[in-house]
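Subject: Structure handover

Hello,

Please find the structure below. My notes on it follow.

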2 protein chains.
Amino acid sequence: MAWQQIAAEKKAHQLDSVPKEWLTSDLPSEETLNVINFPQESNVLSALDREITESSVASLLANLASSKWSSVQVTTSFYKRAIVAQQLTNCLTEIFVDRALARAKELDEHLEKTGTVVGALHGLPISLKDQVGIKQIESTIGYVSWVGKFAEKNSVLIDILESLGAVPFVKTNVPQTLMWGETFNHIFGRTTNPYNRSLTSGGSSGGEGALIALKGSPLGVGTDIGGSIRIPAGFCGVYGFRPSYNRIPYAGCVNTLDGVDSILSVLGPLCNTLDGTKTFFKAVLSKEPWLKDPLVVCKRWSEEEYNLIDHGNGGKLCFAIMWDNGIVAPHPPVRRGLELTKAALLAAGHRVIDWTPYKQAEITKNIYDIIAAAAAEDFKTAVAPTGEPIITSMALIQQDPEPPLFSPPEGGIPAFELWQLHKKKRDLRQEHLNHWEETVSQTGTGRPVDAIISPMAPTPASPHGLGGIPQYTLPLNLLDYPAMIIPVSNVDPELDVKEPREAFYTAEDRENYEQYDPATYENAPIAIQVMGRTGEEEATIAMSEIIDQALRAAKPKL
Amino acid sequence: MAWQQIAAEKKAHQLDSVPKEWLTSDLPSEETLNVINFPQESNVLSALDREITESSVASLLANLASSKWSSVQVTTSFYKRAIVAQQLTNCLTEIFVDRALARAKELDEHLEKTGTVVGALHGLPISLKDQVGIKQIESTIGYVSWVGKFAEKNSVLIDILESLGAVPFVKTNVPQTLMWGETFNHIFGRTTNPYNRSLTSGGSSGGEGALIALKGSPLGVGTDIGGSIRIPAGFCGVYGFRPSYNRIPYAGCVNTLDGVDSILSVLGPLCNTLDGTKTFFKAVLSKEPWLKDPLVVCKRWSEEEYNLIDHGNGGKLCFAIMWDNGIVAPHPPVRRGLELTKAALLAAGHRVIDWTPYKQAEITKNIYDIIAAAAAEDFKTAVAPTGEPIITSMALIQQDPEPPLFSPPEGGIPAFELWQLHKKKRDLRQEHLNHWEETVSQTGTGRPVDAIISPMAPTPASPHGLGGIPQYTLPLNLLDYPAMIIPVSNVDPELDVKEPREAFYTAEDRENYEQYDPATYENAPIAIQVMGRTGEEEATIAMSEIIDQALRAAKPKL
């Protein structure tokens with residue numbers, strides 16, 4: 001069977017799996033770019049559906065535990081909204097309503113019978129990037145060649161989430177190969193940005209970004225090897241957390257670049273509240289994932305570290321802002337996001353200094369070279385069974401595409417060359433750590449900088465085909481710093497005017513500058529990235545909460 | 001200059017660095033094989049030197065802290081004994097008496113002036129495998145081509161040890177390339193086993209093994225990527241601890257196979273008491289090494305885990321003994337070591353079951369293939385500057401050598417092939433963890449097996465050229481289980497008779513069987529290996545203490 005036909009049948013099967021009564025007839029026209037409020041304002045959802053889907057994770061869990069809302073009710077409400085989100089932005093891959101509702105029913109019965117919740121996530125529906133293995137469900141990750149590969153068992157994460165009482169209910173869209181900051185593949189097509197559908201939702205966890213932003217899921221799980229949690233979170237205006245390597249179990253998830261081993265993709269949460277990311281992280285660790293996935297670090301959630309024992313117990317902190325990486329300058333709204341953050345932190349009594357970027361270009365090149373080492377062969381092997389083409393552009397109309405952002409060398413490199421790259425990587429990590437330690441002389445706290453704040457990308461969500469430049473996210477996947485994405489505001493053409501600029505760091509910088517036009521990016525979310533030190537997930541979450549609270553407190557005045 | 005001349009000059013320089021008054025004139029003849037008691041029985045050391053060098057780490061630290069003994073005194077006593085050990089077994093590389101004594105003097109003055117110790121290891125001399133970087137000292141690791149490369153700064157471990165008050169005082173011998181279970185190179189020559197000099201001291205931390213056994217150092221640091229701490233510890237009858245990846249900082253140490261990245265060499269202690277290994281590990285972690293070496297896991301010493309919170313708080317434990325890996329059966333004395341251990345544990349009230357080996361051959365092949373991926377090129381690059389030959393046999397007389405244990409493919413393999421090996425590695429780790437978890441049905445404790453006990457090697461210390469078969473150590477470097485070596489007894493020809501055997505697992509098994517002859521191995525130490533789970537260093541130390549105490553308690557009766 002031709003790959004086109006396999007893809008078409010799979011897509012048709014996806015449509016069949018949606019209950020017809022959940023399909024919306026009053027969809028906005030294709031010309032309507034901003035659809036973020038559609039689910040809440042239209043009458044496709046009942047009042048209760050709307051109340052539930054607008055609730056925070058904390059309040060959902062409380063109302064589920066008290067039986068105010070059943071899991072069947074909560075799952076149904078989110079499922080209905082997810083289907084609306086799907087019609088608006090094409091964010092879903094696998095849809096399995098009956099199975100999710102059966103699971104929700106079991107949980108409701110358990111609670112009714114025993115009076116106790118199954119676990120910390122009792123009854124909560126959770127969406128999952130397509131990579132996450134769920135028994136008897138496909139993980140095609142956009143490869144037509146992978147259609148029909150049903151998982152023989154759950155991934156470790158799904159086992160853990162289920163033991164916590166969660167309800168996996170949808171899987172979400174990704175770009176073919178996963179190596180894009182946008183989301184498009186030959187099976188499920190393109191995911192768009194709900195704030196402005198002429199823009200990308202980011203990638204590779206782009207389905208999650210759009211779905212969570214539209215409140216079609218209270219909590220989602222993405223993966224990140226170069227920014228794939230952070231770019232969609234930032235582009236779609238939601239929180240997203242990239243933990244360090246091997247704290248959340250990856251076993252049983254499918255992947256591209258499988259075997260790269262020295263730069264690791266990680267799993268992490270996306271959510272409309274920061275608190276939800278903490279709830280997810282803490283709950284997963286409570287199940288001792290190191291006893292189930294041999295790669296997971298044997299380290300419990302540390303309340304001590306969350307209470308900032310290594311950061312003066314959270315009193316006066318010193319943050320450093322990296323305004324610009326010296327390679328591609330951020331667009332005006334991105335800069336405004338950092339300025340708002342600085343003002344909010346100063347108002348909250350913290351110190352803010354400037355961060356001097358350190359070898360960002362070298363770090364980017366090194367990680368790129370490592371993950372590219374055998375990527376061409378990896379992609380070729382993946383598409384070989386059906387002969388589907390490898391996608392080379394994310395543009396709407398694919399004519400004379402430029403080389404893709406990620407174009408690994410044909411044939412790869414020898415292992416010895418890879419070893420040399422690893423030595424370079426280790427040196428860069430050491431130097432960057434030393435660079436951070438040396439800030440102790442500038443902070444006034446007696447400690448080095450507590451956390452670094454930077455753009456998440458040099459642009460807000462970009463037009464399709466131009467987006468997802470990973471210069472501000474990719475270096476962290478080498479440095480292995482945990483990073484939280486915090487939404488700050490949205491592009492406002494009146495505030496975010498284009499300023500004249502004559503000197504440029506690089507050709508890429510000039511190109512990026514020229515792309516900016518306030519009208520094009522209207523409404524696109526603005527986000528910041530907060531980075532802690534390797535393994536400091538607890539402290540990074542706690543400091544992100546401090547920053548987030550400062551931003552929320554400052555908002556009325558901004 | 002020819003490599004032979006460079007090596008000869010370096011060796012002559014080493015001899016020059018020994019104070020002449022410390023050289024012993026009454027050395028035993030070369031025919032005297034067992035020299036383990038020579039330092040204590042001859043009069044090359046004063047009574048005080050002997051008292052000091054026979055003391056445990058705990059009592060040394062107590063007497064140093066109370067100023068009963070000065071650090072200058074303690075360092076001098078150990079230095080003198082180390083020089084005796086050097087004359088007996090050729091275990092040292094770098095000797096820097098003045099520098100160590102100057103450091104000891106500083107510490108003494110600090111204590112005298114302030115009344116407080118500098119840190120948890122105040123005044124304690126520590127020996128270091130040649131790889132460990134010390135400012136202005138060479139780390140040739142037996143490569144003639146590396147003579148003259150003086151370290152520009154301390155390794156992170158040395159900085160930490162010095163901040164704890166330790167006194168680095170000698171470096172110790174290794175085999176060229178480090179990929180041998182014996183110790184011989186073109187610069188420093190061969191290290192022999194102090195219990196029987198016709199046998200190897202093991203490798204690659206073979207200098208440490210011989211030095212610690214002769215009590216020429218109270219505490220030593222080795223490295224392990226395939227057994228290099230455990231083999232010399234076991235062959236020389238001392239304790240040796242291989243922690244999981246990245247708990248002890250490696251930054252600033254030199255290495256072979258540099259850049260291998262997916263199988264990591266680790267640093268760990270060798271000592272005459274088990275308590276010394278704990279002291280070392282806990283002290284290093286107390287200095288938050290993750291703030292100095294970016295690869296170190298951000299995890300404090302856990303007293304909770306040391307108190308066996310995950311193992312029923314240390315009440316009744318269930319150990320599993322792997323008597324035999326199904327590839328190479330252990331020699332009779334090795335088996336006797338396990339039997340003694342089983343009896344001691346049963347007498348102490350614990351349960352002991354049999355461990356079923358899981359894919360040991362596949363695991364061994366996978367790790368071998370990964371570390372061999374670019375090793376030939378790595379070795380070639382290292383020896384290129386002087387043209388010294390790569391050593392292909394550890395035999396005394398190198399005629400028609402068999403291929404060395406480790407003979408990586410010329411030219412290496414492509415990165416894509418390496419990625420496939422990494423996938424296999426991950427699967428093997430997952431399967432082995434599942435295999436361990438499944439023992440829950442056999443233990444009677446409600447938990448899976450608490451720790452696995454196995455041979456350290458299929459033989460006691462072997463004759464030169466036959467030793468260091470890593471089948472019982474290498475798999476752990478892939479599985480990343482922490483492992484403690486505990487000395488149990490010594491080969492006794494009356495007890496350890498050769499039994500007839502007709503069926504063999506493999507050609508290697510037959511060869512190993514045929515090599516055994518009680519007289520050849522007389523006096524060689526017998527050791528066991530105790531394995532915990534990845535990242536469970538604290539619990540592995542605690543369970544090793546339980547086993548060690550059981551063995552000591554049983555000894556009078558055995």
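First, a definition. A salt bridge here is a side-chain nitrogen of Lys or Arg within 4 Å of a carboxyl oxygen of Asp or Glu. Side chains of opposite charge can pair when their charged atoms come close.

Two notes on the source. This is a predicted model, so local features need pLDDT of at least 70 and side-chain atom pairs count only at pLDDT 80 or more, while totals for chains, interfaces and linings use all residues. Residues are numbered from 1 along each chain as its sequence is written, chains are lettered from A and ligands numbered from 1 in the order in which they are written, and side-chain values use heavy atoms, with hydrogens and water left out.

**Salt bridges**

Over all chains, the count is 63 salt bridges. One of them joins the side chains of A:Asp49 and A:Lys80, at 2.6 Å from N to O. This pair links distant parts of the chain: A:Asp49 sits in helix H3 (residues 47-53) of chain A and A:Lys80 in helix H5 (residues 71-89) of chain A, 31 residues apart. Helices (H or I, at least four residues) and strands (E, at least two) are DSSP runs, numbered from the N terminus.

**Where the chains meet**

How many residues does each chain bring to the contact? Chain A brings 47 residues, and chain B brings 47 residues. Contact means heavy atoms within 4.5 Å.

The buried area between the two chains is about 3,900 Å². Carbon and sulfur atoms give 57% of it. Buried area is the accessible area (1.4 Å probe) that two parts lose on being put together, summed over both.

Eight salt bridges run between chain B and chain A. A:Glu305 and B:Arg300 form a salt bridge through their side chains, at 3.5 Å from N to O.

Which helices of chain B each supply at least two residues of the side that touches chain A? They are H11 (303-306), H13 (360-372), H14 (375-383) and H15 (415-437). H15(B) gives the largest share, twelve residues.

**The sheet in chain B**

Chain B has an open sheet of eleven strands with mixed pairing. The order is S1-S3-S2-S8-S10-S9-S14-S15-S13-S11-S12. Two strands pair if DSSP finds at least two bridges between them. Strands S1 (92-95) and S12 (351-354) of chain B are the edges, each pairing on one side only. From one strand to the next, the twist averages 30°.

Look at S8 (residues 219-224) and S10 (residues 266-271) of chain B: they run antiparallel, joined by six bridges. There, B:Val221 has B:Pro269 in S10(B) as its bridge partner.

**The sheet in chain A**

Chain A also has an open sheet of eleven strands, with mixed pairing. Strand S11 (residues 318-321) of chain A pairs with S12(A) in the parallel sense, over four bridges. A:Cys318 stands opposite A:Arg351 in S12(A).

Helix H12 (residues 332-347) of chain A lies across S11, S12, S13 (451-455), S14 (483-490) and S15 (525-531) of chain A. H12 runs at about 60° to S15(A). Axes are lines fitted to C-alpha atoms, for helices over the stretch in contact, and angles run from 0 to 180 degrees between N-to-C directions.

Best wishes
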